[in-house]
Amino acid sequence: MTDIAIVGIDCRFPKAPDPGALWELLMRGDEGIVEVPKSRWNADVYYDPDGGIGKTNTRYAGFIDDADAFDHEFFGFAEEEAEVADPQVRLLLQTAWRALEDATIDPRSLAGSRTGVYVGIMGSEWMSLLMTNFTRITGQVGSGNGYAMAANRISYQLDLRGPSMAVDTACSSSLVATEEACHALRAGICDQALVGSVNMFVTPSSSIYFAQAKVASPDGRCKPFSSKADGFGRAEGVAALVLRRLDDALADGLPVYAVIKGGAVNHGGRSTTVTAPNPHAQQAVMVEAYKRAGVRPEDIAYVETHGTGTLLGDRLEARALGKVHGVPRERPCAIGSVKGNIGHAEGAAGIAGLIKTTLALHHRVIPLSRFSDSENPRLKLAANGLRLVKEPMPLPDGQVFAGVSGFGLGGTNAHIVLGTAPAAAGRPGAAPPGRARGGVLTVSSRDTEGLRGAVRRLAEDLAAAPAGRLAQLSWTSNMVKASGPVRFALPADDRTAAVAALLEAAGDDDRLAALSGRAGARPKTGWVISGGSAWRAGMPARLHEGVPAYRRALGAVDAALRPLLGWSVRDALLSGAEPPAAEPVAFAVAYAAGRTLADVGIRPAWTVGEGVGEYAAAVLAGVFDLEDACRLVAGYGAAEPPGAGAADLACRPPATPLYSARRGGRLDDEVLDAAFWTERPDGGPRFDEALRAARGSEPVRLIEVMGERTDGLRLLSGGTDALAGIVAALYRDGLNPDWDELYEPGERVRHRLTPYAFAATGRFWWNHPIDGGGDLAASVAAPAGPTLAGGDS
């Protein structure tokens with residue numbers, strides 16, 4: 001079975017606003033359970049320790065912070081649309097974006113791709129409120145509500161063309177969605193998949209239901225496999241995973257957290273009741289999953305259980321786990337449950353366990369299972385070949401396998417088998433040998449304030465990275481962070497200086513403005529290419545050392561000139577010795593520099609040429625081939641002009657206008673013939689005239705490809721630094737460069753950077769009673785809390 005790589009993760013769970021915070025909470029053995037916030041509902045109104053009619057027996061649960069915050073302008077929502085959109089839809093949009101960035105993928109780059117979206121979701125209290133408030137139903141309700149829209153809105157926002165669906169199998173929803181995504185990837189239905197899940201409380205209605213069903217814990221906590229188990233506590237959560245076929249992930253250089261080896265889904269059939277677990281079905285789904293994954297039960301080091309902390313559920317699950325894993329093995333199978341830390345996230349519970357286990361395999365340690373210090377002896381875990389993780393459990397080197405279970409309220413069971421990432425994908429590559437290089441550090445945002453935060457986070461990422469990775473981090477920032485409308489670019493060749501410059505820009509408005517811009521139409525450039533007198537020994541040395549495109553172009557022109565000259569212009573350049581003739585070297589440098597700009601994505605609206613710079617300008621504009629230009633240049637220093645050798649010169653109209661320092665203006669098509677080009681273009685008596693005419697034709701950013709005769713950006717005055725500066729300046733104005741051309745292959749290595757932080761100024765929540773006379777409103781600056789029947793704000 002094809003392995004599926006987990007390449008990106010983002011999540012928000014109680015007291016864990018991101019995957020890193022979740023991992024820290026797990027390793028501390030901490031919890032995210034709190035008393036119901038007043039901003040949700042008044043717990044005093046709905047609380048009854050006996051769980052009377054219309055009441056809940058607990059005042060506690062796991063809530064995520066800022067659930068009402070939504071960066072609606074980033075996603076193109078009008079306030080009126082954001083007001084009625086389900087918070088679950090809004091949260092999933094932001095989480096999916098961040099998961100893709102965590103996978104080192106620019107979300108905007110996926111437009112038109114065969115990317116599928118699979119969302120596990122089992123309820124929407126928001127929609128229930130909205131659709132019973134008849135006078136407040138608007139035409140915008142449909143675009144932000146409903147299970148399908150939880151997935152479809154992501155596909156719409158990112159222009160994704162793969163399957164897009166929501167899955168509701170109650171508490172196993174997110175694991176079933178994961179299995180569906182894996183099946184689609186293995187079958188070639190999509191090339192990439194986003195798996196998401198979300199669970200939000202807007203009212204106490206579901207808490208009241210679970211109290212009436214006698215499964216709610218009075219203190220709002222899950223105590224899996226504990227003698228203190230007394231029901232489960234509820235939790236909110238939102239999460240997204242990015243999945244790729246492993247071979248594709250490795251080919252694209254994506255970092256891999258862990259791999260999905262296989263999985264299975266079944267149903268318990270006719271159990272005691274429709275909501276009662278069937279241990280035989282639980283056992284069967286694990287056996288089937290291991291078979292499909294090609295592993296044996298004794299190979300499984302750890303199982304992240306469903307583990308809700310109900311006495312019946314724990315007893316039946318322990319029995320099923322023992323039947324499968326209680327086989328002869330070196331050590332008992334370790335078990336645990338994330339629900340002891342964050343509560344039962346219902347439709348998102350499976351993905352919470354999946355993320356915990358993925359991070360555990362990635363870090364090679366299993367966190368302790370909360371409440372394991374009060375293990376229930378009646379479960380006889382040891383006799384069944386099982387053991388609770390009572391302290392952090394280091395994992396051995398080599399391949400390690402783990403399972404994740406999720407069991408739905410209505411009987412749908414799922415089990416996913418994970419394995420550690422292969423060695424080639426487990427850790428980022430080291431910096432290439434040789435002199436440490438830099439690049440252009442980029443971030444982008446919707447507005448200046450968002451850009452400021454992005455710059456600060458990039459400084460933190462850069463400061464925390466190992467030495468020698470400046471170029472790799474620069475390239476990653478270009479690949480992942482560069483496509484927004486408000487752009488920041490910093491050419492950098494020293495990490496310490498770059499961190500300082502980033503922090504300065506984040507804290508100083510003037511410095512930030514100097515290094516940023518708003519992307520508009522693709523910026524136009526005009527090029528000036530001077531002749532042999534502009535060339536200086538050593539000027540392109542750093543370009544040759546650090547820019548593959550320049551080396552490639554110089555190699556091509558050297559190969560064409562060497563047979564004609566009898567010596568190598570490249571060798572002459574790199575040796576620093578005085579060449580036999582300056583003009584062929586100047587032409588080679590000018591051509592290679594211009595070709596480098598073109599390969600990076602910078603192309604001229606017009607070019608002014610002077611001396612042999614006219615030949616470089618002509619070949620770059622497609623007037624004739626490089627070989628023809630080299631024949632002209634090779635005859636440049638001869639006693640007679642190279643007319644005889646170029647009599648068969650085939651000329652074409654230029655792709656962009658050419659201005660000649662010989663003629664003092666634009667070259668018309670009728671003069672662009674062999675006779676003109678075989679004239680020796682000595683000097684440039686009318687250079688200033690030609691430049692004025694070119695600059696008067698249309699406004700451009702001026703680039704001196706070779707020479708120092710204008711106030712334009714100069715390419716050859718600072719080697720790679722000058723090229724980086726030119727690219728940075730044009731990128732800020734709207735150029736989307738081919739960033740790869742600035743970096744060596746060994747520098748094009750992806751590293752995870754801190755994902756985008758969405759603005760929290762837009763606040764949208766249900767803030768009126770639910771008695772049928774309510775309304776919806778947005779509070780952009782000072783959100784008002786919801787008011788429920790009998791409650792307070």
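**Figure 1. Contacts of Asp168 in the predicted model.** Asp168 is in contact with Ile121, Met122, Tyr147 and Ser173, leaving aside its neighbours within four places in sequence. The model is a predicted one. Asp168 and Met122 are 46 residues apart along the sequence, while their C-alpha atoms are 5.1 Å apart in space. The loop that holds Asp168 runs between strand E5 (164-167) and helix H7 (173-186). Is Asp168 buried, partly exposed or exposed? Its relative accessibility is 43%, so Asp168 counts as partly exposed, given that buried means under 20% and exposed over 50%.

**Figure 2. Strand E1 and its two antiparallel pairings.** Strand E1 (4-12) is mostly covered, with 9 of its 9 residues buried. E1 pairs with strand E7 (residues 237-245) in the antiparallel sense, over 8 bridges. Within this pairing, Ile9 has Leu241 of E7 as its bridge partner. Strand E8 (residues 258-267) also runs antiparallel to E1 and is joined to E1 by 3 bridges. Here Ile6 stands opposite Ala258 of E8. Strands of a sheet pair through backbone hydrogen bonds, either parallel or antiparallel.

Figure 3. E22 pairs with strand E21 (residues 658-660) in the antiparallel sense over 2 bridges, and Tyr659 stands opposite Arg666 in E22.

Figure 4. Helix H16 spans residues 470-480 and is mostly covered, with 10 of its 11 residues buried. The buried residues are Leu470, Ala471, Gln472, Leu473, Ser474, Trp475, Thr476, Ser477, Asn478 and Val480. Which elements cover them? The cover includes helix H4 (87-102), strand E16 (439-445), helix H15 (448-464), strand E17 (486-492) and helix H17 (495-507).

**Figure 5. Lining of the largest pocket.** The volume of the largest pocket is about 960 Å³. Its lining is made up of 42 residues, and those nearest its centre are Asp102, Tyr257, His751, Arg752 and Leu753. Elements that give two or more residues to this lining are strand E1, helix H1 (19-28), H4, helix H9 (246-251), helix H13 (349-363), helix H14 (423-426), H15 and H16. The lining divides by class into 22 nonpolar, 8 polar and 12 charged residues.

**Figure 6. Lining of the second largest pocket.** Of the 34 residues in its lining, Thr275, Ala276, Pro277, Gly408 and Leu409 lie nearest its centre. At least two lining residues come from each of helix H8 (205-212) and helix H11 (311-325). H11 gives the most, with 3 residues. By class, the lining holds 13 nonpolar, 18 polar and 3 charged residues.

**Figure 7. The largest cavity.** How many cavities of 30 Å³ or more does the structure hold? There are 10 cavities of that volume, and the largest has a volume of about 90 Å³. It is lined by 14 residues, of which Glu101, Arg108, Ser444, Lys481 and Tyr756 are the closest to its centre. H4 and E16 each supply at least two residues of this lining. The largest share comes from E16, with 3 residues. The classes in the lining of the largest cavity are 7 nonpolar, 3 polar and 4 charged residues.

Notes
Residues numbered from 1 in each chain as written. Predicted model: local features only at pLDDT ≥ 70, side-chain atom pairs only at ≥ 80, totals over all residues. Heavy atoms only, no water. Buried < 20%, exposed > 50% of the residue type's maximum accessible area, 1.4 Å probe, protein only. Helix = DSSP H or I, 4+ residues; strand = E, 2+ residues; numbered from the N terminus. Contact = heavy atoms within 4.5 Å. 1 Å grid on protein atoms, 1.4 Å probe; cavity = no way out; pocket = protein on both sides within 12 Å on 5 of 7 lines; lining within 4 Å. Points joined across faces, edges and corners; volume = space filled by probe spheres on them. Nonpolar A, V, L, I, M, F, W, Y, C, P; charged D, E, K, R; others polar. Pairing = 2+ DSSP bridges.
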